[in-house]
Amino acid sequence: MAIFTIGDLHLSLGTSKPMDIFSGWENYVERLRENWLAAVGPQDTVILAGDTSWAMKLEDCSADFAFLQNLPGRKLLLKGNHDYWWTTMAKMNAYLAANGFDSLSFLHNNCVFAEGLALCGTRSWLFDAGQPHDEKVMSRECGRLRASLEAAGDTEKAVFLHYPPVYPQADAGEVVALLREYGVKRCFYGHLHGPSIPRAVQGELDGIEYKLISADALRFFPYKI
């Protein structure tokens with residue numbers, strides 16, 4: 001059994017929002033499927049770090065979720081900035097149950113234990129937006145991350161975020177402080193695409209290992225942690 005992660009799948013099997021108009025995304029759904037089947041087994045866990053589906057409403061996610069359901073492994077979904085279908089946990093869990101999407105669940109205000117690790121995470125937010133509303137959202141996201149880390153107890157923690165917590169010469173201070181407070185050694189994040197990929201902060205920084213796992217950065221191959 002193993003743990004994998006990948007973010008920003010931007011599936012649009014039930015909507016008209018094709019990503020293969022962008023360079024590097026040609027035939028990406030089939031590439032993702034082939035790579036997933038080559039790497040992930042039925043007993044493995046895959047964390048999807050946000051921006052999973054372009055659907056605007058939960059009921060429009062059926063084709064995208066069916067695609068994921070038919071891939072091996074247990075999938076844990078984070079919220080991304082383009083997951084407009086995201087609603088309350090009660091509604092989302094009811095939707096999964098009603099449609100038989102039993103290999104999908106959500107990483108939100110909780111943690112999941114797998115292979116001796118506590119898998120923790122939240123969407124996070126833009127660290128430098130600077131508006132009062134953005135400060136409230138960041139505060140709420142930090143509260144969710146803290147709840148996830150608290151739920152992990154003393155188990156070794158791996159954190160998954162949608163937004164990057166670190167940038168060249170800057171960071172989301174509140175998020176990084178939480179990672180340090182709870183002794184997190186590995187943090188995985190998405191959101192960045194195209195020309196932003198080479199500028200992503202990756203590797204060890206002040207005792208924490210950071211890894212960009214957006215789909216195009218990984219060439220649509222789930223990353224084994």
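Student: What makes Y95 and F101 count as buried or exposed?

Tutor: Y95 is buried, and F101 is buried as well, where buried means under 20% relative accessible area, exposed means over 50%, and partly exposed lies in between, with a 1.4 Å probe and protein chains only. Please keep in mind that this is a predicted model, in which local features need pLDDT of at least 70 and side-chain atom pairs count only at pLDDT 80 or more, while totals for chains, interfaces and linings use all residues. Residues are numbered from 1 along each chain as its sequence is written, and side-chain values use heavy atoms, with hydrogens and water left out.

Student: Why is W85 called buried, and what about F106?

Tutor: W85 has a relative accessibility of 2%, and because this is under 20%, W85 counts as buried. F106 has a relative accessible area of 4%, which is also under 20%, so F106 is buried too.

Student: What makes Y95 and F101 a tilted pair?

Tutor: Their rings are 6.0 Å apart, centre to centre, with 50 degrees between the planes, so the angle again falls among the rest, which count as tilted. Ring pairs join F65, W85, W86, Y95, F101 and F106 into a cluster, and by this rule the count comes to 13 aromatic pairs.

Student: How do you know that the charged end of K17 sits over the ring of W54?

Tutor: A charge sits over a ring if NZ of Lys or CZ of Arg is within 6 Å of the ring centre and within 35 degrees of the ring normal. The charged end of K17 is 4.5 Å from the centre of the W54 ring, so the distance is within 6 Å, and K17 is listed as sitting over the ring.

Student: What is meant by the largest nonpolar core, and which residues touch the most other members?

Tutor: A nonpolar core is a set of buried Ala, Val, Leu, Ile, Met, Phe, Trp, Tyr and Cys residues joined through side-chain atoms within 4.5 Å. The largest has 48 residues, of which I6, F65, L68 and W85 touch the most other members. Helix α1 (residues 28–39) gives the most to this core, with four residues, where helices (H or I, at least four residues) and strands (E, at least two) are DSSP runs, numbered from the N terminus. A second, separate core of 30 residues includes V166, L178, I197 and I208.

Student: Why are β6 and β7 said to pair?

Tutor: Two strands pair if DSSP finds at least two bridges between them. Strands β6 and β7 have five bridges in the parallel sense, so they pair, and L119 has A158 in β7 as its bridge partner.

Student: What makes β5 and β11 edge strands?

Tutor: The open sheet of six strands has the order β5-β6-β7-β10-β12-β11, with mixed pairing, and β5 and β11 (203–205) each pair on one side only. Within this sheet, four bridges join β7 (residues 157–161) to β10 (residues 186–189) in parallel, and β10 pairs with β12 (residues 208–212) in the parallel sense over four bridges.

Student: How do you know that β6 is mostly covered?

Tutor: Six of the six residues of β6 (residues 117–122) are buried. L117, L119 and G121 point one way, while A118, C120 and T122 point the other way.

Methods:
Phe/Tyr/Trp six-rings, centres within 6.5 Å; stacked < 30°, edge-to-face > 60°.
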